[in-house]
Amino acid sequence: MTWDLTALLNAADPQATLAERNLWLVRLLEWLRHAPREEASGTPLPLVRLKHLLNVLERHPEHAWAFANVIGGVWNDVDAVALFAEVGFAPRMALWHEFLGRLRRRLLPATTDTRDLAALFELLFGSDADEDWIAAIDDELLARLRLLFAATPDDGWRVEARAAITVLVSSVHAAGLAGPLRVRMDEVAVQGRPFHQLPTAWEAVERALSAEDGAALVPATQYLRALLDRCRAAAQTVPEHLEAHGVSVDLMFSVEQLTARLDRIEALLACLLSREPQRELLRLVAGLVRVVHERRSLRTLFARHYSLLARKVAERSAETGEHYITRSRDEYRDMLRRAAGGGAVLAGTTFLKFGIALLGFTAFWGGFWAGVNYAACFVLIHLLHWTVATKQPAMTAPAMADKLQHIEREDALEDFVDEVGHLVRSQVAGVIGNLSVVAPLVLVVQGLCWAAFGMPLVGVQDAEYVLHSLSLFGPSLVFAAFTGTLLFASSLIAGWVENWFVFHRLDSAIAWNPRIVATLGQQRAQAWSRWWRANISGLTANISLGLMLGVVPALGGFFGLPVEVRHVTLSTGQLAAAVGALGFGVTGTWAFWSCVLCIAGIGILNVGVSFLCAFKVAMRSRGIRLADRMRVYAAIRARLRRAPLSFLVPPK
């Protein structure tokens, strides 16, 4: 329903119920916002209508009386402390609780039948543009607005503002002394115990305000503001601690809430102490409108709080990824050797996969035991310090992005392109090492079984299925890209678990827990602590990757999604097993070469997709701008044109 001004003025009833008066205020704000374009001439549309409203009220005192009494009645009947102390803040300092609250506000309708001015405020200012036109109110219009609040006590807002500061000071006091934040604040920053002294300092200011004692008010206010600054400085040391000792998004959310409450106290103090409080109150209201709309955004909530976690996860992966980048011929040869060892283990993985398929498990349990097979083999490769080529990209990408901190300089850009060359050569060495061992070893085992038992370990039926499933014109390339996302996901899981391990200081717990020390002995406990700290990321990455490769296709089938995994090394082993079962004559057929071409594409997609996903996350977590990203891509293309072999052959 569209209301005109005459209908609104006639509907202003100071004797109506609170819900009706609140609804009338909401309709008034809607009328202000929905001014026709022809009413404005360079002035924000709501201001044009606000001036028109004031002109009408100044000419019609009876409407002005009803209008002011509706507003005054609403002010007297609602809890205004909530507006100053609660708008913009979560009732509990927990990120997921705030997420559920925002989701509820987005999905469920609100009611005007409320005595909570904070809830009514969100209904009144429902447009993103409200902040702009409120901030654009000039001094002349601000003075005329007194007509709308003629029935509201002049100092009524002061009582509510002081009560709100008391609430905010109590919240800051409690948050600053809470264990999770207190133990992570810098010791120097909390010297003098600023959070302890905050309530007493505010009480001194409040006494001076009540007594109108200007001589006592100035020093009391200065001391309170100094304490607020010290509390803010102490809170800002918490992210520095988290950077070094593991990130918690709940703690980051708590820090943000604490500092926002400190800012609100400052804003309310400015209103109470100003000689012209109307302008400060207007600035406060505009800020409250902005906060209301920020609290409605789910994307903003997660973008702000999970960016730090994404950065820390990327950094954890970067620590591991450095081990996968070769920069010299000796390191290149070492990578070939370690990849060859990984290929030998994956040859056994190939036969175990066929064996699990022969046992005839249901889809889920077949996928589960296949995942256990993959995970166990990947862990064995990790413990032997060998490598699986496709695991490298997701780990090395964050290490690469770590080199982009000074990418604005040309020399830093060239250094980064050199690192890309080192990385690509490392990937090539890993793939060559894996494939050069897995295929011959599988063929040897198939040949030995022919000689010993008169039949291959992997039979003809399975071999024909392999030739069909790895066809170049089948869905294998799509499945290979999907496998690349699983490889990327495993690196995220590894980084998150390592961050969790460090955040909860489990390495220290293993080294110094009394029961563990009594059981293992002090030296062995400390050795175990160092081992777990060094291997938690690798173990998590390998176990999660293996289980996902087995279980995710089974779960996809349950939901009607015909997804499978295609891993370049395992696919090569399967093709070698097929050749061992069907004979070398199959290598002269198109079916075989179609599989060979498909495996080449699988390798490219496994490596490319996982690296691209990890690289993008790592760059965004470090705040690399789009323009800098374009410079990076252009520099890599230029190097490819100028020296393509530098991406394949290590330097002398």
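User: What share of the 652 residues in the chain is buried?

Analyst: Buried residues make up 48% of the chain's 652 residues. Keep in mind that this is a predicted model.

User: How many helices and strands does the secondary structure come to?

Analyst: The chain has 29 helices and zero strands.

User: How do I read the contacts along the sequence? What percentage join residues at least 24 apart?

Analyst: Take the contacts between residues at least 6 apart in sequence. Of these, 82% join residues at least 24 apart.

User: Now the core. What is the general idea?

Analyst: In soluble globular proteins, nonpolar side chains tend to be buried together. Here the largest nonpolar core holds 91 residues. Leu50, Leu53, Phe67, Trp133, Ile137 and Trp202 touch the most other members.

User: Which helix gives the most to this core?

Analyst: Helix α15, residues 249-273, with ten residues.

User: Take isoleucine 137. Which residues does it touch?

Analyst: Leave aside residues up to four places away in sequence. Isoleucine 137 then touches Leu47, Leu50, Leu142, Leu145, Arg279 and Leu282. There is also a second, separate core of 25 residues. Its members include Leu470, Ala480, Ala581 and Phe592.

User: How do I describe two packed helices?

Analyst: Use the angle between their axes and the distance between the axes. Start with α13, residues 214-235, against α15. They pack at an angle of about 160 degrees, with axes 10 Å apart. Angles over 145 degrees count as roughly antiparallel, so α13 is roughly antiparallel to α15. The crossing of α13 past α15 is left-handed.

User: Which residues make that contact of α13 and α15?

Analyst: From α13 come Leu217, Thr221, Leu224, Arg225, Leu228, Asp229, Cys231, Arg232 and Ala235. From α15 come Val255, Leu258, Thr259, Leu262, Asp263, Ile265, Glu266, Leu269, Ala270 and Leu273. By class, the contact of α13 with α15 has twelve nonpolar, two polar and five charged residues.

User: One of those is leucine 258. Where does it lie, and is it buried or exposed?

Analyst: Leucine 258 lies in helix α15. It is buried, with a relative accessible area of 0%. Leucine 258 and glutamine 236 are 22 residues apart in sequence. In space, their C-alpha atoms are 9.9 Å apart.

User: How do α15 and helix α16 cross?

Analyst: Helix α16 covers residues 277-294. The axes of α15 and α16 come within 8 Å and cross at roughly 155 degrees. The two helices are therefore roughly antiparallel to each other. Their crossing is left-handed.

User: Which residues of α15 and α16 meet?

Analyst: Arg264, Ala267, Leu268, Ala270 and Cys271 in α15 face Pro277, Glu280, Leu281, Leu284, Leu288 and Val291 in α16. The contact of α15 with α16 divides into nine nonpolar, no polar and two charged residues.

User: What is the handedness where α23 passes α26?

Analyst: Right-handed. Helix α23 spans residues 476-503 and helix α26 spans residues 522-558. Their axes come within 8 Å and cross at roughly 145 degrees.

User: Which residues of α23 and α26 meet?

Analyst: On α23 they include Phe482, Leu486, Ile493, Val497 and Phe501. On α26 they include Trp532, Ile536, Leu545, Met548 and Val552. By class, the contact of α23 with α26 has 16 nonpolar, five polar and two charged residues.

User: Which helix holds histidine 382, and what does this residue touch?

Analyst: Histidine 382 is in helix α19, residues 363-383. It is buried, with a relative accessible area of 18%; the cut-off for buried is under 20%. Histidine 382 touches Asn535, Gly538, Leu539 and Asn542, not counting residues up to four places away in sequence.

User: Now backbone angles. What is the phi of histidine 385?

Analyst: Histidine 385 has a positive phi of about 65 degrees, although it is not a glycine. Histidine 385 sits in the loop between α19 and α20. It is exposed, with a relative accessible area of 59%.

User: And arginine 505: what is its phi, and where is it found?

Analyst: Phi of arginine 505 is near 55 degrees, again a positive value in a residue other than glycine. Arginine 505 is found in the loop between α23 and α24. It is exposed, with a relative accessible area of 55%.

Definitions and conventions: Residues numbered from 1 in each chain as written. Predicted model: local features only at pLDDT ≥ 70, side-chain atom pairs only at ≥ 80, totals over all residues. Heavy atoms only, no water. Core = buried A, V, L, I, M, F, W, Y, C linked by side-chain atoms within 4.5 Å. Buried < 20%, exposed > 50% of the residue type's maximum accessible area, 1.4 Å probe, protein only. Helix = DSSP H or I, 4+ residues; strand = E, 2+ residues; numbered from the N terminus. Contact = heavy atoms within 4.5 Å. Axes fitted to C-alpha atoms, helices over the stretch in contact; angles between N-to-C directions. Parallel < 35°, antiparallel > 145°, perpendicular 65-115°, else oblique. Left-handed = near helix turned anticlockwise from the far one by under 90°. Nonpolar A, V, L, I, M, F, W, Y, C, P; charged D, E, K, R; others polar.
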